[in-house]
Amino acid sequence: MTPYLRAGIPGDFRPFACLEPDGRLTGHDVELLEALAREAGMELRIVPTDWTGLAEGLGRDYEVAAGGVSITPEREARGDFLPAYAPFWKTGIVRREALGRFRSPEDLNDPSVTVIKNPGGTNERWVDANLTRARVILEPDNVAIPRVAAGDGDLMVTDVTEARHYAALDERLAVLPFPLTPVQTKGIWMAKGWADASRLRNAWTRLEEDDTLRRLLARWELEA
């Protein structure tokens, strides 16, 4: 009997994983998990989740979590990660016409600045910890960056990978020219004590050896 690889994916974070209007789930992490499952001789099952419930579902509803999961000490304490990939830092995406208004991180923390944040992830935690004086709007849908272009907010804090993606699609948007955090990395988050973890680690090693991992990163423009 073919074992299942159940993967919890929020599906709202380009270019790692995003649910398209036609119902397809696309992105780097989706293709990565498909390749890992094939190499490990497992059947991939995607389990829809959200960032707020991601940790609670790990080990209960699914064995791995992906879709743009940042490696943090808190998450490492609750699970294990496959090798890190996709170096990034947090930044902000703003309207291009307002780019000159923000010259340092301190300029963001002002009552005149309206920040759009998403619940449950590291972006929300950064906003809550660092933008205590700004006006903050909660937006449940992570695919809300176009709201900035429309003028609903001045800024949305996200990873530089996602910010660059949207700025390339919409000429009204621009990426802040300075980082908000040190460089971090993404990873496939595995439940502690999962019996098939070694099967997935071995599959990762084989995909690394045949250059599949590098080609996937290049395809989704996630190389360092």
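## Backbone exceptions and a helix pair

Alanine 86 lies in strand β8 (residues 85-88); strands (E, at least two residues) and helices (H or I, at least four) are DSSP runs, numbered from the N terminus. The model is predicted, so local features need pLDDT of at least 70 and side-chain atom pairs pLDDT 80 or more, while totals for chains, interfaces and linings use all residues. Residues are numbered from 1 along each chain as its sequence is written, and side-chain values use heavy atoms, leaving out hydrogens and water.

**Exercise 1.** Find the phi of alanine 86, then decide whether alanine 86 is buried or exposed.

*Solution.* Step 1: most residues other than glycine have a negative phi. Step 2: alanine 86, not a glycine, has a positive phi of about 55°. Step 3: its relative accessibility is 2%, so alanine 86 counts as buried (buried is under 20%, exposed over 50%, partly exposed in between; 1.4 Å probe, protein chains only).

**Exercise 2.** Do likewise for glutamate 221.

*Solution.* Step 1: glutamate 221 sits in the segment after α8 (212-219). Step 2: here too phi is positive, about 55°. Step 3: at 72% relative accessibility, glutamate 221 counts as exposed.

**Exercise 3.** How do the axes of helices α1 and α7 cross?

*Solution.* Step 1: take the axes as lines fitted to C-alpha atoms over the stretch in contact, with angles from 0 to 180 degrees between N-to-C directions. Step 2: the axes of α1 (residues 28-40) and α7 (residues 197-209) come within 9 Å and cross at roughly 105°. Step 3: α1 and α7 are therefore roughly perpendicular (65 to 115 degrees).

Definitions and conventions. Angles under 35 degrees count as roughly parallel, over 145 as roughly antiparallel, 65 to 115 as roughly perpendicular and the rest as oblique.
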